[in-house]
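Please look over the sequence and the model below before reading on. The paragraphs after it are meant to be read alongside the structure.

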Amino acid sequence: MAVEDTQPLISHLIELRKRLLNSMIAVLVIFLALVYFANDIYQLVSAPLIKHMPLGSTMIATDVASPFFTPIKLTIYVSVCLAAPVILYQIWAFIAPALYKHERKMVMPLLFSSTLLFYIGIAFAYFVVFPLAFGFLTKTAPIGVVVSTDITKYLDFVMALFMAFGVAFEVPVAIILLCWMGITTPESLKQKRPYILVGAFVVGMLLTPPDVFSQTLLAIPMYCLFEVGVFFSRFYVGKGRGQGEEDEPEVEDERSEKE
């Protein structure tokens, strides 16, 4: 391989390293700003469960170091979530030179909407699902069993739910992308509505605690978001790269100019 052929690859790797460093710095800055309040953040996240625990019952720590490391772990998660716009922008800045003009116009709105929907999914889980789910679960404990949840296991549980609802709320973006790339069409999706509805309840059953309230609270928003995605996807049908190859990228590779 000629030396000239390796230069673009090296420039790509340098640019990728720059974007990764920028993302890590953003996460680190937010983490340093929040770490002092790590215990307060954990108390905020655990409030929906504590509110429904029996009188006199408290959360427990079964590991010696978990009272220190668990709030720190949660703060890292929060820092990554809050830094998501910066991380997504860094991804956008890295891939933008290789995109066609019509693709660049679409990517930014999708990045913004996907970030917003992810945050809405997390907020929905915290304010709507958690109170109902924990209220149900704490009341189903057998007689003689004291509800005293371990703080580490509780964090793992709620983070899994946060991720499940955050990803589930990305349904409109996923549908728009599928129609944009020509993989499916709004008309085809409309014909599959009964299967989508059943699938939403199946996903709700798999991703939520074993109670009908949590399953329904995930399934119904997922189906509603499916309808939103189908509605807006009709404006993007067939507008993917395969339909716009004549629209060459304005910049083949901006990084090559830095050589």
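Predicted model: local features only at pLDDT ≥ 70, side-chain atom pairs only at ≥ 80, totals over all residues.

Residues are numbered from 1 along each chain as its sequence is written, and side-chain values use heavy atoms, with hydrogens and water left out.

The protein chain has ten helices and zero strands. Helices here are DSSP runs of H or I with at least four residues, strands are runs of E with at least two, and both are numbered from the N terminus. Read from the N terminus, the order of elements is α-α-α-α-α-α-α-α-α-α. The chain has 259 residues, of which 39% count as buried. Buried stands for under 20% relative accessible area, exposed for over 50%, and partly exposed for what lies in between (1.4 Å probe, protein chains only). Among contacts in the protein chain with a separation of 6 or more, 85% are between residues 24 or more positions apart; a contact means heavy atoms within 4.5 Å. The accessible surface of the protein chain is about 15300 Å², and carbon and sulfur atoms account for 71% of it. Such areas come from the Shrake-Rupley method with a 1.4 Å probe, and for residues only the protein chains shown count as cover.

Helix packing comes next. Two packed helices are described by the angle between their axes and the distance between the axes. Helix α2 (residues 38-52) packs against helix α3 (residues 66-82) at an angle of about 80 degrees, and their axes are 8 Å apart. The axes are lines fitted to C-alpha atoms, for helices over the stretch in contact, and angles run from 0 to 180 degrees between N-to-C directions. α2 and α3 are therefore roughly perpendicular to each other, given that 65 to 115 degrees counts as roughly perpendicular, under 35 as roughly parallel, over 145 as roughly antiparallel and the rest as oblique. On the α2 side the residues that meet α3 are A38, N39, I41, Y42 and V45, and their partners in α3 are P67, T70, P71, I72, L74, T75 and V78.

Which helix is largely enclosed by the rest of the structure? It is α7 (residues 171-180), because seven of its ten residues are buried. These buried residues are V171, P172, V173, I175, I176, C179 and W180. Their cover includes α5, α6 (151-168), α8 (186-191) and α10. α7 is followed by G182, which has a positive phi, near 80 degrees. One of the buried residues of α7, V173, is touched by S114, which also touches L88 and E170, not counting residues up to four places away in sequence. S114 lies in helix α5 and is itself buried, with a relative accessible area of 14%.

There are three salt bridges in the structure, a salt bridge being a side-chain nitrogen of Lys or Arg within 4 Å of a carboxyl oxygen of Asp or Glu. In one of them, the side chains of E15 and R19 meet with N to O at 2.9 Å. E15 and R19 are four residues apart in helix α1 (residues 3-34), so about one helical turn separates them. Both E15 and R19 are buried.

Another salt bridge joins K73 to D156, with the closest N and O atoms 3.4 Å apart. This pair links distant parts of the chain, as K73 is in helix α3 and D156 in helix α6, 83 residues apart. K73 is partly exposed at a relative accessible area of 32%, and D156 is partly exposed at 39%.

The side chains of R193 and E227 also meet in a salt bridge, at 3.0 Å from N to O. Here too distant parts of the chain are linked: R193 belongs to helix α9 (residues 193-207) and E227 to helix α10, 34 residues apart. R193 is partly exposed at 32% relative accessibility, and E227 is partly exposed at 22%.

The surface carries a nonpolar patch of about 560 Å², made by F127, V128, L132, F136, V212 and F213. The elements giving two or more residues to this patch are α5 (101-139) and α10 (212-233). α5 contributes the largest share, four residues. Patches are made of residues with over 30% relative accessible area and no salt bridge; nonpolar side chains (Val, Leu, Ile, Met, Phe, Trp, Tyr) are joined within 5 Å, and like charges within 9 Å. F136 is found in helix α5 and is partly exposed, with a relative accessible area of 31%.
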